[in-house]
Amino acid sequence: MTVSEGITITPVLVADLHVEGERMPVYVHVIDHPDARVLVDTGMTQLHPVLADMDPRLWPLSEHDLDIGAIDIVVNTHLHGDHCGGNHLFPNTPIYVQRQELDDARGNEGYTILEWLDPPGVRYVPVDGELELLPGLRLVPAPGHTRGSQIVVVATQGPPVVVCGDVAVWHGELDDPHTEGQLLIHALNPDLVWLTHEHEPWRPPRSSTSRS
């Protein structure tokens, strides 16, 4: 979908997981910006015993009609396995992640799948706090799901659009926010928010009203 002049966001379904009796989607998001093509999270490309109880079904990025070589920048919202499992597809492409998240993922046993975190050629760019990645595209720390979670905030001529990773795992967590990251998203007064594990974006009540 077009969110601003020259900027579009495209969700790409790369997997689903069996969680609490239901299939939960795993999306990554491609942001086409006039200055670069940005991929937010990389999903999963293979099975792993750690995730076997979730019975993953995979549609990896490498199997989509997507030119992986045309991705200029990767952003990891955080480094759990279902968000960084495709990082190996982007050797030497800068992968922006909060330094706190990278330190926690590398330093805490069981935090993530280590062979997916640091495969050969992966080049992380640690970020400390907010960063204007491109004009109109900001990385903003949003702790809660993990200490180092971040969101991508896309400026528009009206309220911003947010790609939030797992800062909210499902819509209800934004309907009734509790974590620092969820409250931050509300404070941004966004037009809509793309989540990793929901098929449709979340819209605050005022947006639903304005569209009815």
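Two strands count as paired if DSSP finds at least two bridges between them. Keep in mind that this is a predicted model, where local features need pLDDT of at least 70, side-chain atom pairs count only at pLDDT 80 or more, and totals for chains, interfaces and linings use all residues. Residues are numbered from 1 along each chain as its sequence is written, and side-chain values use heavy atoms, with hydrogens and water left out.

**The sheet around S10**

- Leu134 sits opposite Leu137 in S10.
- Two residues separate S9 and S10 in a hairpin, and Gly136 in the turn has a positive phi of about 85°.
- Zooming out, five strands make an open sheet with mixed pairing, in the order S9-S10-S11-S12-S13.
- Strand S9 (131-134) and strand S13 (192-194) are at the edges with a single partner strand each, so one side of each has no neighbour in the sheet.
- Neighbouring strands here are turned by 25° against each other on average, direction ignored; the axes behind that angle are lines fitted to C-alpha atoms (for helices over the stretch in contact), and angles run from 0 to 180 degrees between N-to-C directions.

**A look at Arg147**

- Arg147 lies in the loop between S10 and S11.
- Arg147 is exposed, with a relative accessible area of 57%; exposed means over 50%, buried under 20%, and partly exposed in between (1.4 Å probe, protein chains only).
- Setting aside neighbours within four places in sequence, Arg147 is in contact with Gln100 and Asp104, where contact means heavy atoms within 4.5 Å.
- Gln100 and Arg147 are 47 residues apart in sequence, yet their C-alpha atoms are 6.9 Å apart in space.

**The cores**

- The largest nonpolar core has 29 residues, and Leu39, Leu61, Leu79, Phe90 and Tyr124 touch the most other members. Such a core is a set of buried Ala, Val, Leu, Ile, Met, Phe, Trp, Tyr and Cys residues joined through side-chain atoms within 4.5 Å.
- At least two residues of this core come from each of strand S2 (7-19), strand S3 (22-33), strand S7 (94-98), helix H2 (99-107) and helix H3 (114-117).
- A second, separate core holds 21 residues, among them Ile31, Val75, Leu137 and Val163.
- Not counting residues up to four places away in sequence, Tyr124 touches a list of residues including Asn76, Leu79, Ile95, Leu102 and Arg106.

**The whole chain**

- The protein chain has six helices and 13 strands; these are DSSP runs numbered from the N terminus, with helices (H or I) of at least four residues and strands (E) of at least two.
- Of the 212 residues in the protein chain, 53% are buried.
- Along its principal axes, the C-alpha trace spans about 45 × 40 × 35 Å.
- Looking at contacts between residues at least 6 apart in sequence, 59% join residues at least 24 apart.
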